Every structure is written in C-alpha cells, then in structure tokens.
Amino acid sequence: MTAFDRAIWIPAVAAALLTFAANATADDSVAAPPSSAVGSTATWNAEVDSTVSGITLDQNQLAVVGEVNTYFNDITDLKGSFLQTDAENGQSKGLFYIQKPGRFRFDYASPSTLVVLSDGEYLSFEEEGNPPDRYPLDSTPFGVLFKDKVDLATSAKIVELYSGDDLVTITLEDRSDDSKGRIKLFFARIDGKLELAEWVVTGPEGGDTRVELAELVRGEKADAKLFKLRKISGQAKGSKK
C-alpha cells in the first residue's frame, strides 16, 4: 500500500503529512517509511524569504493571515470529534486531542484500531498488528501549525485566501517546488473570532479528503499518556520510545 493509498484511512491533515513528509529521512531508531511512499523532501519548517509565497498578499490579506496565526498561537489544549469523508465518499469518525507545542492524537472509532499521534518530535501512525510508521514532526504541516510561534506567511506557501463575514479559508502548500499536495483550512467567524471548522486535503494525484470538526473544547488538559508513542519491539536502549 502506498502512502497516498493509505491516506484515505487517516484524518485529512495527517494525509497531508504523508504527502509532504514521505521522503523525509526517518530517525534510525524508528520504523522507516514505506519504500513506495511518494512525495518530496519536506521543507515546512525552513525559514524562507516570503517572496516565494504562492500569491502576493496585500495589507488586508496579511491581516487575515495574522488572524489565522493568532488562532493557532492562542491554542494550548483543544479536543473534539471529527467526521472524515474520503475521496471515495467513505466516512469514518473519531476523537482528537491537541496539546501545544506539537503534541496531538487522532483516535478512530471502532472497528478501526488506527491512532495517529505526535509526541512533539515524531508523527506516528499506529495500528494493532502493524509496526508504527514514523516521521519527524518538523517535516510536516503539523510542525508548522502547532509550533510555539505560528507564522504561515514565512513557513508555508499560501496559494489561496478568502475572507468573508462568516468564513475564512486559506490554502497552503509545501514550499518545495515539486510538491503537488495541498491543505485548505476553513474557519468560521463567530462574534468576530475565528474557529477552525474543517479542512480539505488534495493529494498529489487528485481527490479530496474532508474532515469536519465538532464538539470543540478549549483549555482542558489531556493526559500526557495519550501522546506517548508505542515502544517498537527490538529498540536499542536509549533510542526513541
């Protein structure tokens, strides 16, 4: 199964991670990515001149990007439920937990046993009966969106931006020239403030995966054990757990 094929089984932002991080070098102490993975060397966390952004932003648009930055910068703990609709209109649901900086967990409802999580250093795809697939978090969009200080204008390529009275959307790509995947974030504007409502990922071969969020709760700290990676059998002493 290729990384793109597997993307339909995971939350859409996580699908983007496989698109953008598939060729990132895995740590020697964790399982290597699938040999059939597709993508390009990840550049999400690179400090790059803002002139390489996909569109030129005027002052009003920069202000909207600033609102999005503020939304992510204000998050400390966030949890809720998600409903995913894949490119074949298959649906699945589950719960998610986010704890900045860099820790998150997506739990799929039964009968799935998939868990997608990060301990702040590694993104891990963990499923009963299979060894985990792990990637450096800093090579993924999550490394940008859930870092301590978010600045999308300098850490991602902004290719589309819309701002209305009730809705803001922003579409991001990896800064690598040969990366074709993208993620589109949808924010509801409620009482003048933004709230992340859903996202859509378009893979490098086309096809959209949509995730809708609900039952959002801010500021409720999750148990640290939720973000602990499963120990890989045969790991050397002192290696990444």
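This is a predicted model: local features need pLDDT of at least 70, side-chain atom pairs count only at pLDDT 80 or more; totals for chains, interfaces and linings use all residues.
Residues are numbered from 1 along each chain as its sequence is written, and side-chain values use heavy atoms, with hydrogens and water left out. Local features need pLDDT of at least 70 and side-chain atom pairs count only at pLDDT 80 or more, whereas totals for chains, interfaces and linings use all residues.

Helices (H or I, at least four residues) and strands (E, at least two) are DSSP runs, numbered from the N terminus. Two strands pair if DSSP finds at least two bridges between them. Eleven strands form an open sheet with antiparallel pairing. The order is β6-β5-β4-β3-β2-β1-β11-β10-β9-β8-β7. Strands β6 (130-136) and β7 (157-163) stand at the edges. Each has a single partner strand, so one side of each is left without a neighbour in the sheet. The twist averages 20 degrees from one strand to the next. Axes for such angles are lines fitted to C-alpha atoms, for helices over the stretch in contact, and angles run from 0 to 180 degrees between N-to-C directions.

Six bridges pair β2 (residues 91-99) with β3 (residues 103-108) in the antiparallel sense. Tyr97 stands opposite Arg105 in β3. Strand β4 (residues 115-119) runs antiparallel to β5, joined by four bridges. Here Val115 faces Glu126 in β5. Two residues separate the strands of this β4 and β5 hairpin, where Gly120 takes a positive phi near 100 degrees. Between β5 and β6 there are five bridges, again in the antiparallel sense. Glu127 stands opposite Asn130 in β6. This hairpin also has two residues between its strands, and Gly129 in the turn has a positive phi of about 85 degrees. Buried means under 20% relative accessible area, exposed over 50%, and partly exposed in between (1.4 Å probe, protein chains only). Five of the six residues of β5 (residues 122-127) are buried, so this strand is largely enclosed by the rest of the structure.

A search of the whole structure finds 11 aromatic pairs. Rings of Phe, Tyr and Trp (its six-membered ring) pair if their centres lie within 6.5 Å; planes under 30 degrees apart count as stacked, over 60 as edge-to-face and the rest as tilted. Phe72 and Phe146 are edge-to-face, at 6.0 Å centre to centre and 70 degrees between the planes. Phe72 lies in helix α3 (residues 59-74) and Phe146 in the loop between α4 (141-145) and α5 (152-155), so the pair ties together parts 74 residues apart in sequence. Phe72 and Phe187 have ring centres 6.0 Å apart and planes at 85 degrees, so this pair is edge-to-face. Phe187 belongs to strand β9 (residues 182-190), 115 residues from Phe72. Phe72 is buried at 1% relative accessibility, and Phe187 at 0%. Ring pairs link both residues into a cluster whose members include Tyr71, Phe82, Phe146 and Trp199.

A nonpolar core is a set of buried Ala, Val, Leu, Ile, Met, Phe, Trp, Tyr and Cys residues joined through side-chain atoms within 4.5 Å. The largest such core has 41 residues. Phe72, Leu152, Ile170, Leu172, Leu185 and Phe187 touch the most other members. Helix α3 gives the most to this core, with five residues. Contact means heavy atoms within 4.5 Å. Not counting residues up to four places away in sequence, Phe72 touches Lys100, Leu145, Phe146, Val150, Leu185 and Phe187.
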